[in-house]
Amino acid sequence: MKWFLRGAIGLVVLLVLTGVAFKVFQARIGATVFERMAGRLVGVDQADALDDGLHVYFCGTGSPLPDPERAGPCLGVLAGKTALIFDTGSGSLRKLMRMGFPVGETDMVFLTHLHSDHIDGLGEMMLQAWIGGSRTTPVMISGPEGTGEVVDGFVSAYRIDAGYRTAHHGDAVANPSGFGARVNEISLPESGAIEVFSEGGVRVQAFLVNHEPVAPAFGYRIDYKGRSITISGDTVQSEAVRDAAKGSDLLIHEALNRDMVAVMSEAAARNGNPELSKVFSDILDYHTSPSEAAETAQAAGVEALVLTHIVPPLPTPMLYPAFLDGAGKKFDGKIQVGEDGMMISLPADSDRMIRRNLLN
Ligand SMILES: [Zn+2]
Ligand SMILES: [Zn+2]
């Protein structure tokens, strides 16, 4: 028994000494770890290490509703060396930058529609593209009619800050000629998809979806070296999405669970907030349920479906089965509830699909 007692006392003493040593050297240990991390990450083009292909960065899988886990709607798409951003919701730019997306190299920002949750981060995006890329010509922003008015507002709101940046960092970093954005307003035919971008082997097509009374509202399809993704934008279940997604590998579709939102509407009414209750019941009619998105994915024949623009907020994956509500039965492929930080890579000229999370 003595040896056991001696061993136990020795262990306690060792633990105490280790704890004391850690406390004493905590600042130095922290500084060393920080220095190593900075050397590995700061100023390094993390996208440079990626294989040729189509890489999708889920920078915002949320909606207008506050969600501790999800930023407002945003997708980054890297196709070869071409960097595209689709929508810039609140908080999404910070996630995109943390994921190592080359924001400074952005070739085009596409907006699906002008609902605030899709444009909240536009000012931040323009600023980061300008400074991060030391641009001498402004970033391009494409979107539906009205995009010019929205961009003008952001440019005006950021003009004072832009002056500070140039004064502080100089023309080599913050050249005034690169501030702001050039706008391309797209008008689309009633049906069918038309090409809105073609560069570096990347082809982007846009098509109209139904998000009434918000009109026009767009979905997009991106093709690069035999790989393809389709983005629904905000829409009710749509044949336009189905048609555009035919032959795509991946469909990224918005999703709202009507039963869960109805529960929120009833709770708001019971808790004496009829206005909030009305907002929740109003949004039921211009989105797509997980099951409907799964039906569209099945009809389009895509390999995989990722749900995004998740309504209501799902603070824990334990809620995913209730949210999906049997959607898996409607689609033979893999369904995933989108999470911020997810990246899906489609290597060029292959049928592989690589999934990882860059923020976990
Ligand atoms: Zn939205
Ligand atoms: Zn919307």
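What follows is a short chat about the predicted model shown above.

Colleague: What should I know before reading residue numbers off this?
Modeller: Residues count from 1 along each chain as its sequence is written, while chains are lettered from A and ligands numbered from 1 in the order in which they are written. This is a predicted model, where local features need pLDDT of at least 70, side-chain atom pairs count only at pLDDT 80 or more, and totals for chains, interfaces and linings use all residues.

Colleague: How many helices and strands does the protein chain have?
Modeller: The protein chain has 10 helices and 15 strands. Both are DSSP runs numbered from the N terminus: helices are H or I with at least four residues, strands are E with at least two.

Colleague: Which order do the strands take in the sheet of eight?
Modeller: The order is 6-5-4-3-2-1-14-15, in an open sheet with mixed pairing. Two strands pair if DSSP finds at least two bridges between them. Strand 6 (181-185) and strand 15 (354-357) are the edge strands, each pairing on one side only.

Colleague: And strand 4 with strand 5, parallel or antiparallel?
Modeller: Strand 4 (residues 108-110) and strand 5 (residues 139-143) run parallel, joined by two bridges. Phe110 stands opposite Ser142 in strand 5.

Colleague: Which strands does helix 4 touch there?
Modeller: Helix 4 packs on the sheet and touches strand 3 (82-88), strand 4, strand 5 and strand 6. Touching here is contact between residues, meaning C-beta atoms, placed from the backbone, within 7 Å. The direction of helix 4 makes about 160° with that of strand 3. Axes are lines fitted to C-alpha atoms, for helices over the stretch in contact, and angles run from 0 to 180 degrees between N-to-C directions.

Colleague: How many bridges join strand 9 to strand 10?
Modeller: Five bridges join strand 9 (residues 214-224) to strand 10 (residues 227-231), and the two run antiparallel. Tyr220 has Ile231 as its bridge partner in strand 10.

Colleague: What about the largest nonpolar core?
Modeller: It has 85 residues, and Leu75 and Leu305 have the most contacts inside it. Such a core is a set of buried Ala, Val, Leu, Ile, Met, Phe, Trp, Tyr and Cys residues joined through C-beta atoms within 7 Å. Helix 4 (residues 122-132) gives the largest share, seven residues.

Colleague: Is Ala47 buried, exposed or partly exposed, and why?
Modeller: Ala47 is partly exposed because 17 other C-beta atoms lie within 10 Å. The cut-offs are 20 or more for buried, 12 or fewer for exposed and partly exposed in between, with C-beta atoms placed from the backbone. Ala47 lies in the loop between helix 1 (2-41) and strand 1 (53-60).

Colleague: How far apart are the C-alpha atoms of Ala47 and Gly100?
Modeller: They are separated by 6.4 Å, although the two residues are 53 residues apart along the chain.

Notes. Two residues are in contact if their C-beta atoms, placed from the backbone, lie within 7 Å.
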